[in-house]
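User: I have not looked at this one before. Can you walk me through it?
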Amino acid sequence: MTHLNAGTDLEAALQAVRPTERQTHFIASATREFLLPSDLAVLSALLADRHHLPLSRLYRHLFDSTHTTLHVVTPNYDRLAEYAADAADVSSFTGFNYGYLQSRARDPRTRITIRGRETRTVAIWKVYGSLDWFQDAAKQIVGIRSAFAVPPDYAPLMITPGIDKYRLTHGEPFRRSSGAAITRWRMPAHIFASAMASMTSMSRPSLSSAATAIPRRASSSPRS
């Protein structure tokens, strides 16, 4: 509080002290509580207008090819990239298995297939966590897309600003997301779009997903 009272911004203040695990969970919960209403407002807007997010149009444009996978790397917790994929009628993959209670996928290439062909999929690599990722006291990780409140005995799995920010990224599932992000950034020839934040409209611009979509190398098979 001393740093905040002195006029230091929150992120700089968190870099100056090492919070306890309980304090870290509190900060993550407060951050989630602040962001969730705006995230859900975008979902409501999409229900009224499937063309609400320009990012959906970008997805459709990039899939107008033989590509079956687009890779999106985002440091944000919101689910705009996932919502945009749903509105574009393509699948999304965030490193978790599909379903209401999502366990971590063992294979980062997990995809939905129809008649033996992969559906077009946006693979979204969230390097700092997501609004619908949670962890219990035993460090068991689960994705719950339908969760509005934090489930009892769970904590949001989100890395917030602070002195331990970069250390925490070496744990799972962040390490896999970061590894995927680094792999995609090493493929500059395949970068088709960047700074998707400028393509995304929502009531709070600071929540837009600054992401980069990178298609996988085109295959000779027809797109699904």
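Analyst: One term to begin with: a residue counts as exposed when its relative accessible area is over 50%, and as buried when that area is under 20%. Also, this is a predicted model.

User: OK. Is Arg115 buried or exposed?
Analyst: Arg115 is exposed, because its relative accessibility is 84%. Arg115 sits in the loop between strand 3 (113–114) and strand 4 (117–118).

User: What about the phi of Arg115?
Analyst: The phi of Arg115 is positive, about 55°, although Arg115 is not a glycine. Most residues other than glycine have a negative phi.

User: And what is the phi of Lys139?
Analyst: Lys139 also has a positive phi, about 70°, and is not a glycine. Lys139 lies in the loop between strand 6 (129–136) and strand 7 (141–143). With a relative accessible area of 47%, Lys139 is partly exposed.

User: Switching to rings. How many aromatic pairs are there?
Analyst: The count is three. One of them is Phe93 with Trp125: the ring centres are 6.2 Å apart and the planes stand at 85°, so this pair is edge-to-face. Phe93 belongs to strand 2 (residues 91–93) and Trp125 to strand 5 (residues 121–126), so the pair links parts of the chain 32 residues apart.

User: Are Phe93 and Trp125 buried or exposed?
Analyst: Phe93 and Trp125 are both buried. Together with Tyr98 they form one aromatic cluster.

User: Which way is the Phe96 and Trp133 pair arranged?
Analyst: That pair is tilted, with 5.0 Å from centre to centre and 40° between the planes. Phe96 is in the loop between strand 2 and strand 3, while Trp133 is in strand 6, 37 residues apart. Both residues are buried.

User: Now the inside. How many residues does the largest nonpolar core have?
Analyst: The largest nonpolar core has 20 residues. Leu53, Tyr59, Val72, Val90 and Val122 have the most contacts inside this core.

User: Which elements supply this core?
Analyst: At least two residues each come from helix 3 (21–48), helix 4 (54–62), strand 1 (69–74), helix 5 (80–87) and strand 5. Helix 5 gives the largest share, six residues.

User: What does Val122 touch?
Analyst: Leaving aside neighbours within four places in sequence, Val122 is in contact with Tyr59, Phe63, Leu70, Val72, Ala85, Val90, Ser91, Ser92 and Phe93.

User: What other core is there?
Analyst: Another core, of 13 residues, lies apart from the largest one. Among its residues are Ala123, Tyr128, Leu131 and Ile159.

Note on methods. Residues numbered from 1 in each chain as written. Predicted model: local features only at pLDDT ≥ 70, side-chain atom pairs only at ≥ 80, totals over all residues. Heavy atoms only, no water. Helix = DSSP H or I, 4+ residues; strand = E, 2+ residues; numbered from the N terminus. Buried < 20%, exposed > 50% of the residue type's maximum accessible area, 1.4 Å probe, protein only. Phe/Tyr/Trp six-rings, centres within 6.5 Å; stacked < 30°, edge-to-face > 60°. Core = buried A, V, L, I, M, F, W, Y, C linked by side-chain atoms within 4.5 Å. Contact = heavy atoms within 4.5 Å.
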